[in-house]
Structures are given as C-alpha cells and as structure tokens.
Amino acid sequence: MQKDAERFLPDRELVEKLKSGRLANPHYILGMHEFEEGRVVRVYDPEATKITILAGRVRVPMTLADGIFVAYFPDAKDQFPYKLERVYGDKRKYVAEDPYF
C-alpha cells in the first residue's frame, strides 16, 4: 500500500524541502489538491502515528508515504469539507480542521 501511495507525492526535492523546513510555501504540497481525475489530501505531521480524514459520516484512513500522509479520492471533482483525526504515540486523538485546506 505504501508503494502505491507514493504516486500521490509531489517531486522528491519538494518533499525533502518540506521535511527539512526549507519549503517556502507548504500549501503547494499540503492540503487538498487536484490529482488526475480526483483529489488528493496530503498531511505532514512527523509526530502522528495515524491520521484519518473525517468527511461527514465518512472516515478515510490516510497512508504514510515517505513521511507524508496521503489519501486519494478518485471521484471527487470538487473540494469538500473535512477534518483530520490525528493519533499520537500515547494514543491521544485530536480532531481539527486541516490548516492547509
């Protein structure tokens, strides 16, 4: 699954700049973006062990690929509202809107 998820990542150089804090515009990578025929959501949270997208009553687990959580919505033509449920090492859960939406 992780190998498949890597296709939703941007250029490797941009990913490395993001992870090292040198990317001037993180929104260029993070949040929801058009991708192929649908939408992709990317989240960078190196402390999170799991992130799930909450969209209404739908829960979509994100996949970790090269340090970035990704989820692809092949049928989404337009942006839609969602929140992120983040889980950390001690099992704490936080739900909040995506700051890059």
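A contact here means heavy atoms within 4.5 Å. This is a predicted model, in which local features need pLDDT of at least 70, side-chain atom pairs count only at pLDDT 80 or more, and totals for chains, interfaces and linings use all residues. Residues are numbered from 1 along each chain as its sequence is written, and side-chain values use heavy atoms, with hydrogens and water left out.

View 1. Let us start with the overall layout: two helices and eight strands, in the order α-α-β-β-β-β-β-β-β-β from the N terminus. Helices (H or I, at least four residues) and strands (E, at least two) are DSSP runs, numbered from the N terminus. Of the contacts with a separation of 6 or more, 57% link residues 24 or more positions apart. The C-alpha trace spans about 35 × 35 × 25 Å along its principal axes.

**View 2. Surface and charges of the chain.** The accessible surface comes to about 6,400 Å², and carbon and sulfur atoms hold 50% of it; such areas come from the Shrake-Rupley method with a 1.4 Å probe, and for residues only the protein chains shown count as cover. There are 17 positive and 17 negative side chains, with the centres of the two sets 5 Å apart. Lys and Arg count as positive and Asp and Glu as negative, while His and the chain ends are not counted. Each charge is placed at NZ of Lys, CZ of Arg, CG of Asp or CD of Glu.

**View 3. Strand β2 between its two partners.** Have a look at β2 (residues 38-43): six of its six residues are buried, so the strand is largely enclosed by the rest of the structure. Buried means under 20% relative accessible area, exposed over 50%, and partly exposed in between (1.4 Å probe, protein chains only). Strand β2 runs antiparallel to β1 (residues 31-35), with five bridges, and also antiparallel to β6 (residues 68-73), again with five bridges. Two strands pair if DSSP finds at least two bridges between them.

**View 4. The hairpin of β1 and β2.** Two residues lie between the strands here, and E36 takes a positive phi near 50°.

View 5. R39 belongs to strand β2 and is buried, at a relative accessible area of 8%. Opposite R39 stands F73 in β6. Leaving out residues up to four places away in sequence, R39 touches several others, including M32, H33, E34, Y72 and K77. D75 is 36 residues from R39 in sequence, yet their C-alpha atoms are 7.8 Å apart in space.
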